[in-house]
Amino acid sequence: EFFSFNLMLRRRSSSGHIVFILIVAIVTRRWRGWAHPTDQVFETLHHLEPSVLRHLLHTEPNNQLRVLSTISDHPSYLKRTFLDAAHRRAAKTLQSWMRQAGLTTWMDGLANVRGRAPTEDDSRPSILIGSHYDTVVDAGAFDGALGIVVGIAAVKASILSKAVEGGHVTNDDIIRMMEGGEAMIDVEAIFRDGVIPSLQRPVQVVAFSDEEGVRFQSTFLGSRALSGGITEEYMNRVIDGDGVTLREAIEALSGARAVDDAMLAAAGQHELGGYVEVHIEQGPVLEAAEERLGVVVGVAGQTWVHVHVRGVQGHAGTVPMGARRDPMPAVGGFFLALEQLCMDHARQSRSDGSLVCTVGKVEVWPGASNVIPGAVNFTADVRSLSDELRKDVVAEFRRTVDDTCLQRQLECEFEVRHEAGAVGMDAGLTDALVGAVAKVIVDGSDSEETASSVGGTCGASEQKQRKVIRMPSGAGHDAVAMASVVPVAMLFVRCREGISHRPDEYAHPDDVAAAAEAMYHFVQDW
């Protein structure tokens, strides 16, 4: 009855069209109550009708994710490594999508794909939205790519909303372009003979070229270039598995001026007023909370430790227990001690739940079943939003290792290989994201943080409070590099079972659309 009623009203005059909007809003609100909890519902927002919004914020970004998942350097799995053939094809594809969204687009010297929306005020700094388009080996389809296509969708919808508001195009014109619901709406083609409408404030979209660090074993290449963290000395020093330096790789792509162009990648950072990254959570928190979206409060600081424990190698059957200097029982105790340390601190009031401790790699020498080990090496990874807490845990763990090794007559070396401080999110941008998420029509359960949905997609009859979850990020992201030069904020999207860096990584299409709608509100309101 809903759809037949819809069609009957569409045959009316322009005055009847107003009746259609009001009645469909009522019917949609009742229909939403019967819907499956994962159905994404759109209402008329900023002059764009529901079918147009669904196409822009649901159909297009999900189709783009499917296309990107097929652009790979390996026929059997997804692999898109910095400056390889698939990486270059993906860059060209992203540039074409940015142009279709109405953006002026270019690629900088480190292969970051950039797009700028037309703006009414060039004097104000831009907000930058994006993520990375490289992948790990045997990757999933959503890590990195999600943040790019959601950014493109939000900006495209904002430009078209401005166009409808200004009378440059109508919703019916846009609906005719959709051609059965699958075709990409081409803003550039719509305004081929005119001027694309300008947004009130400057907005840019970025697809960072390398975040994973697969080729050069150096993470955040793209965002570090944009934030001014790549030097000529660094480009000469970093080498891939084939002995090719970063400098040689970019020169092979762009020619003799490649290094100069790479150094200029950071030249435009003065234009930027902030960076917002959308990313799959890569963890189970949102799914457990039955929430599609979560706003990140900070990225945890990290300490990576290598511990080397040496004893006396011997025959497993002939050396009495009391005469052994066996490193293995000591190391087993270290594992339990680290776990207990983190669990004890997590129960204390000063812990915000972000403290995690992991033993990720163990090496035993000689590794034979009938030999008492002569040495055991292992790694420990400690992360927390509190740098003080993280350092306290590492120091306490070190004392445990030293005391045990002394007691057991073992030689121990405790080596800190990497340390990075926590990165806080900007309060203003974070609050703006919370407000944007609160406006998204979802049917998930409420969580920790309350935010007002006044002025959002809920009508005047539903001016109520909605809770938005705030959460830490235990993983590093491009926002970490960008935080050195501009305020940053992040939005997490639920992914199935928290799985990432695997082919079965998955975000539901409606959750992708919810992220796109949240970013659309953010662009409209920031």
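1. The model under review is predicted. About 40 Å³ of space lies in its second largest cavity, and the structure holds two cavities of 30 Å³ or more. Which residues line the second largest cavity? The lining consists of T135, V136, A139, G140, D143, E212, H501 and E505.

2. Strand β5, which spans residues 272-280, is mostly covered, with eight of its nine residues buried. Strand β3 (residues 126-132) pairs with β5 in the parallel sense, over five bridges. Within this pairing, I127 has G274 of β5 as its bridge partner. Strand β17 (residues 488-493) also runs parallel to β5, and the two are joined by six bridges. Here V278 stands opposite L491 of β17.

3. How many salt bridges does the structure contain? The count comes to 21. Three of these pairs are discussed in the points that follow.

4. R247 and E232 form a salt bridge in which the closest N and O atoms are 2.9 Å apart. The pair links distant parts of the chain, with R247 in helix α10 (residues 246-254) and E232 in helix α9 (residues 232-237), 15 residues apart. R247 is partly exposed, at a relative accessible area of 24%. E232 is likewise partly exposed, its relative accessible area being 38%.

5. A salt bridge also joins the side chains of R310 and E411, with an N to O distance of 3.7 Å. Because R310 belongs to strand β7 (residues 301-310) and E411 to strand β13 (residues 411-420), this pair ties together parts that are 101 residues apart in sequence. R310 has a relative accessible area of 33% and is partly exposed. E411, at 47% relative accessibility, also counts as partly exposed.

6. The side chains of D344 and R347 meet in a salt bridge, at 3.0 Å from N to O. Why are these two residues separated by about one helical turn? Both lie in helix α13 (residues 327-347) and they are three residues apart, so the separation is about one turn of that helix. Is D344 buried, partly exposed or exposed? D344 counts as partly exposed, because its relative accessibility is 33%. R347 counts as exposed, since its relative accessibility of 57% lies over the 50% cut-off. Elsewhere, salt bridges that share partners join E232, R247 and E251 into one network. The R247 to E232 pair of point 4 therefore has both of its residues in that network.

7. Leaving aside residues up to four places away in sequence, E60 touches H55, K156, A183, M184 and I185. One of these contacts, K156, is a lysine, and lysine counts as charged.

Conventions: Residues numbered from 1 in each chain as written. Predicted model: local features only at pLDDT ≥ 70, side-chain atom pairs only at ≥ 80, totals over all residues. Heavy atoms only, no water. 1 Å grid on protein atoms, 1.4 Å probe; cavity = no way out; pocket = protein on both sides within 12 Å on 5 of 7 lines; lining within 4 Å. Points joined across faces, edges and corners; volume = space filled by probe spheres on them. Salt bridge = Lys/Arg side-chain N within 4 Å of Asp/Glu carboxyl O. Helix = DSSP H or I, 4+ residues; strand = E, 2+ residues; numbered from the N terminus. Buried < 20%, exposed > 50% of the residue type's maximum accessible area, 1.4 Å probe, protein only. Pairing = 2+ DSSP bridges. Contact = heavy atoms within 4.5 Å.
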